[in-house]
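Work through the exercises below with the sequence and the coordinates open. Try each task before reading its solution.

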Amino acid sequence: MGQSERHRGRRRGSREALVGYLFASPVILGLIVWVIGPMIGSALISLTDWNVLSTPHWVGLRNYARLVTTDLYFRNSLLVTVYFVLANVTLTILYSLILALLLNQKIRGRGIYRSVFYLPSIVPIVASSALWLWLYNPNFGLFNEVIQGLGFPKSLWLANQTTVVPSIVLMSVWGTAGNTIVIFLAALQGVPRQLLEAVEIDGGNWLHKFRAITWPMISPVTFFNLMVGLINSFQIFTQAYVMTSGGPNNASLFYVYLMYREGFERNNMGGAAALAWVLFLMVSALGLVLFRWSRQWVYYEGANA
Amino acid sequence: MTAARTAQRGLLYLILSAGAVACLVPIFWLVRSSLMTLVEVFKYPPLLWASRTRWENFATALTTAPFLLYFRNTLIIVIPTVLATLVTSSMSAYGLARFRFPLRNFWFSMVLGAIILPPAVVLIPQFILWTKVHLVNTFYPLILPFWFGGGAFNVFLLRQFFLTIPKDFDDAARIDGAGYFRIYAQILLPFIQPALIAVGLFQFFFQWNDFFGPLIYLNDPKTYTLALGLTHFIGSYSTQWNFLMAATVIVILPPIVVFFVGQRYFVEGVTLTGIKM
């Protein structure tokens, strides 16, 4: 390659780089302005006592220290949130997987079932909150009328400290399982028939087929659903804001709700920013642990088994 | 077919139907309650349907709160957001998928990180920024950010799709004299059309449902979206369940119509997102 040709090659390379940057500039600028900048901003604010009205002072790590020492709401909301996340993710994944396995059989009207199961996911959360507030109404709601008709005592549902989180979980499974079912179903349809038939020829039953073939083949999608489910569940806010205002007795004061209350109702921006950073660290750590763990059970075709 | 097999099929349909009923009963109850008088709503044992279907409940709900204004506000936010997302996420994805440039891998890993970043983490500085430029109580905080790639997940998804198209198409077009922009707009975009439709639909539903953003940025009732307006309606009409349910029907009707119209693309889109991860 001659001197001038190499020079031209480099020039073309730098022109390509420039054009590439131009095309990618929306997301790059977006990351700087809406993600990286605010992350740094959040960290700085969390080290101050800023309350919007007066000038902020540096307080060091006091906002963080307060979370673990004097702030009773923090520990409570963390427990409530983890309780919700675990129950919601486990139930959604189990229920969705079972229904997707059933839908994957040779059945009539699969498309109709799939649409019906998906339908609740379309309902905006505020609207489903209004609806479930009515279904859960202790005096005239459908649920109490049904269980009363069956001879059980009425429940307070959202108005009782011990039943409020399970009630929100039930509503949440109703509202989000559709998405998970459709994704599982697509993965199940990608499982090669000849592998399943091979197990049948060897005399295996459905459980053998599931454990040896289906489960490993759909494990990447199971992992995807698990990850998405965890991240979304951690951010639960709207249902509690609309239906319970975090009550009764803070039993549904979820983490993001606590942060909202601290920042936007009490104007304690420093404390809210500290909560935000703790949330970020927790979700990152959780993501990392999940990725590590996934290596033990997620099977990627093409990678050595 | 043996008896055991028939029983098995029966059980299969029974469980599926039970699941379907569980999905539909709340929605049925919503519609049923929205068409009753208040007295009928409170009857025990509960009525299955109103003695006379009260369509006028919708008119009452629409006039008690300015839902048409909320509807308009929601559209003013949703339409430019979806447009912004389609244009800028596909552009960014094309840049990340087809060009080599310094720090490209760094920016791509930032995109991946941003996908799992809970929006609440960056909320406070963003809110302060919008307060400083005096744009709280306008629609800008809810629209403008989407002109910057339209969400990390969409950029990631479309990049994966661009990568599945062989580069020979670009090269052939280049030999024919097409520039980078022509290649993007006329050669590659048609290939990823199903993914684009899915991204547009998801963004529509996301915006229609968004509650946190409007709650933070819109305090003036004249700027309320449907989701926000319904929340305030719940606060003031929490005992008039028939009107509240009518208002709820009004809020969920548009997304349900969009769902049934775009259903094919929708299921396809959900499928694609799951598989591409």
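**Exercise 1. Find how the two domains of chain B meet.**

Solution. Start with the contact: 10 residues of domain 1 of chain B touch nine residues of domain 2 of chain B. Two residues are in contact if their C-beta atoms, placed from the backbone, lie within 7 Å. Next, find the elements on the domain 1 side. α1, α2 (38-41) and α3 (56-64) of chain B each supply at least two residues there. α1(B) gives the most, with four residues. Then sort that side of domain 1 by class: six nonpolar, four polar and no charged residues. Here Ala, Val, Leu, Ile, Met, Phe, Trp, Tyr, Cys and Pro count as nonpolar, Asp, Glu, Lys and Arg as charged, and the others, Gly among them, as polar. Now place the bounds: domain 1 spans 3-58 and domain 2 spans 64-276. These bounds come from an automatic or database domain assignment. Last, the C-alpha centres of the two domains of chain B lie 33 Å apart.

Some ground rules apply throughout. The model is predicted: local features need pLDDT of at least 70, side-chain atom pairs count only at pLDDT 80 or more, and totals for chains, interfaces and linings use all residues. Residues are numbered from 1 along each chain as its sequence is written, while chains are lettered from A and ligands numbered from 1 in the order in which they are written.

**Exercise 2. Decide how far the model's confidence carries.**

Solution. Then go to chain B. Its mean pLDDT is 88, and 97% of the residues score at least 70. pLDDT is the predictor's confidence in each residue, from 0 to 100. Within chain B, confidence is highest in helix α7 (residues 140-143), at 95, and lowest in helix α15 (residues 263-276), at a mean of 67. Where pLDDT is low, the predicted coordinates should not be read in detail.

**Exercise 3. Describe the overall form of each chain.**

Solution. Count elements. Chain A has 12 helices and zero strands; chain B has 15 helices and zero strands. Helices (H or I, at least four residues) and strands (E, at least two) are DSSP runs, numbered from the N terminus.

Now test the spread. The radius of gyration of chain B is 24 Å, well over the 19 Å that the globule rule gives for 277 residues, so chain B is more spread out than a compact globule. The radius is taken over C-alpha atoms, and the rule is 2.2 Å times the number of residues to the power 0.38.

Check the boxes along the principal axes. The C-alpha atoms of chain A fill roughly 90 × 70 × 30 Å. Those of chain B fill roughly 75 × 70 × 35 Å.

Finish with burial. Buried residues make up 40% of chain A and 43% of chain B. A residue is buried if 20 or more other C-beta atoms lie within 10 Å of its own, exposed if 12 or fewer, and partly exposed in between.

**Exercise 4. Characterise the contact between the chains.**

Solution. Chain B brings 73 residues and chain A brings 72 residues. On the side of chain B, helix α1 (residues 3-34) gives the most, with 12 residues. That side divides into 59 nonpolar, 13 polar and one charged.

**Exercise 5. Trace the core from B:Leu230.**

Solution. The largest nonpolar core has 153 residues, and B:Leu230, A:Ala276 and B:Ala247 touch the most other members. Such a core is a set of buried Ala, Val, Leu, Ile, Met, Phe, Trp, Tyr and Cys residues joined through C-beta atoms within 7 Å. Helix α7 (residues 164-189) of chain A gives the most to this core, with 15 residues.

Next, list partners beyond four places in sequence. B:Leu230 touches A:Val126, A:Ala127 and A:Ala130, among others, and also B:Ala247. B:Leu230 is one of the buried residues of α13(B). Eight of the 11 residues of helix α13 (residues 226-236) of chain B are buried, so this helix is largely enclosed by the rest of the structure. Its buried residues pack against elements including α5 (125-135) of chain A and α14 (241-261) of chain B.
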